Amino acid sequence: MSDRKPDYDLIVFGATGFVGRILCGYLLNQKVDSSVKWAVAGRSQAKLETLVAELGARADGPPYLTADATDEASLRELCAQTRVIISTVGPYALYGELLVQVCAETGTDYCDLTGEPQWVRQMLERYQAAAQSSGARIVHCCGFDSVPSDLGVYYLQQQAQQQLGEYCDRIKMRVRAAKGGVSGGTVASGINIIQEARLSSRLRQELNNPYSLCPDNSSTVTHPPTLVPVQYDLDFQEWVSPFVMAAINTRIVLRSNALLGYSYGKRFQYEEAVLTGSSVKGWLAAKGLSAALTGLTVATAFSATRRLLENTIIPKQGEGPSQASQEQGFYDLRFWGVTASGKTIEVKVLGDRDPGYGSTAKILGQAGLCMAQDFAKSDKPGGFWTPASMFGNRLIERLVKAAGLTFER
Ligand SMILES: NC(=O)c1ccc[n+]([C@@H]2O[C@H](COP(=O)([O-])OP(=O)(O)OC[C@H]3O[C@@H](n4cnc5c(N)ncnc54)[C@H](OP(=O)(O)O)[C@@H]3O)[C@@H](O)[C@H]2O)c1
């Protein structure tokens, strides 16, 4: 670890990408506490100059620094200059490892937006010891995957404890409604997982284990698969279809339970799905959504059909939903829990803006600020945390106050 005093509290690395640009605009518009010194970073000086000029037209533009995700020396220099790094350089499985390694070795706190469970597991295995020893707090999945799910469950469990006197040992999250689009970066990350899984039977096996991010001893408990099939949900009285983000969200929620000392119980189970309605139309919609998900997965696994999609409907990297579409976007997530004695409770998490970008950028920004402002090194030791186990109520308060989310009964 370097003795040099960092110049910044927070650096946004990947600032010139689609989410990075939204995030920087948000941080400027937020008029972040002037005591927080932040800067932007990326690999291209020309793109950074354009970004800072655009941002500077609205306010004092932040300083910029260049670094490349494949150049260790430049990443060490970046880490020496800041206490916290937010990274939006993805797909993380392709470009993210070196920065995690350098953060873990230098004690630099880190938040990102990955939704790639296999990569999170690799980072944990490879750098947990270094992060524990240096004091670096590493928090993956600080976007729509998996903050609303992780903190929604955390919030529900607190309500259950207060209202019912016990924790729920089974929770379901149902997407009641959501509106938004996808960016090229997200599609590239999804395609990369499908490609990796095609080539590795070990990874296919891992993707079937909901406990893949938990400490070893919890993997002996049986748990339903992360992708719920089309079925009629008696508790919600509606048809449900698989939810694509469940693959990462379920693992993060189960890991949070483990890191919180199994406060939700050793037998805790969690699942997510999309509500599609109670009638025949609801059944048809659930079947249609499920078929579309399977079709897209199969199409992206083969190079000919993938190229066709890339040349037609898939956005290029750096591109994503328009400003208007981000502003018109929203989400409405319902959480239902049942205790061991059969008492039930429901809460909801609502978000303004589209889940993947407008809202994700605000959530990530607040996670980074929460790390920089609310948690001294003495408050939490180094290691790989989840959003709920690292930030808990502090992040819920920030999201409600400044990121357009509500958590309510
Ligand atoms: N968890 C969630 O809810 C959520 C939501 C949205 C996105 N994501 C994830 O977030 C990531 C970013 O998404 P996006 O849409 O913003 O992608 P994007 O527009 O493609 O941006 C990627 C960024 O990475 C930078 N980059 C690539 N290689 C680099 C290198 N070698 N060194 C330094 N920088 C490098 C790019 O720099 P240039 O600008 O110079 O090309 C760009 O700034 C993706 O992995 C996506 O899956 C997650």
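Two strands are said to pair if DSSP finds at least two bridges between them. Helices (H or I, at least four residues) and strands (E, at least two) are DSSP runs, numbered from the N terminus. The views below show a predicted model, in which local features need pLDDT of at least 70 and side-chain atom pairs count only at pLDDT 80 or more, while totals for chains, interfaces and linings use all residues. Residues are numbered from 1 along each chain as its sequence is written, and side-chain values use heavy atoms, with hydrogens and water left out.

**View 1. The open sheet of seven strands.** The strands follow the order β8-β9-β10-β7-β11-β12-β14, and their pairing is mixed. At the edges stand β8 (231–233) and β14 (405–408), each of which pairs on one side only. On average, neighbouring strands of this sheet are turned by 35° against each other, direction ignored. Axes here are lines fitted to C-alpha atoms, for helices over the stretch in contact, and angles run from 0 to 180 degrees between N-to-C directions. Helix α11 (residues 280–301) packs on the sheet and touches β9 and β10 (269–277); contact means heavy atoms within 4.5 Å. The direction of α11 makes about 0° with that of β9.

**View 2. Strands β8 and β9 and the loop between them.** Strand β9 (residues 238–242) pairs with β8 in the antiparallel sense, over three bridges. Q231 stands opposite V240 in β9. The loop between β8 and β9 contains Q237. Phi of Q237 is near 55°, a positive value in a residue other than glycine. With a relative accessible area of 48%, Q237 is partly exposed; buried means under 20% relative accessible area, exposed over 50%, and partly exposed in between (1.4 Å probe, protein chains only).

**View 3. The largest nonpolar core.** A nonpolar core is a set of buried Ala, Val, Leu, Ile, Met, Phe, Trp, Tyr and Cys residues joined through side-chain atoms within 4.5 Å. The largest one has 108 residues, and those with the most contacts inside it are F13, L27, L78, F335, F391 and L399. Helix α14 (residues 355–374) gives the most to this core, namely nine residues. At least three residues of the core come from each of domain 1 (8–144 + 358–404) and domain 2 (147–355), with bounds taken from an automatic or database domain assignment. Apart from this core lies another, of seven residues, among them V240, A273, L275 and V338.

**View 4. The surroundings of F391.** When neighbours within four places in sequence are left aside, F391 is in contact with C111, V139, C142, A367, C370, M371, F375 and T386.

**View 5. Y211 in its loop.** Y211 is found in the loop between α9 (201–206) and β8. The residue Y211 is buried, with a relative accessible area of 6%. Although Y211 and R251 are 40 residues apart in sequence, they are 6.1 Å apart in space, C-alpha to C-alpha.

**View 6. Two cis peptide bonds.** P91 lies in the loop between β4 (82–87) and α4 (92–95). The peptide bond from D145 to S146 is also cis, with omega near 10°. S146 belongs to the loop between β6 (137–139) and α7 (147–164).

**View 7. R353 and its positive phi.** R353 is placed in the loop between β12 (344–352) and α14. Phi of R353 is near 70°, a positive value in a residue other than glycine. R353 is partly exposed, and its relative accessible area is 28%.
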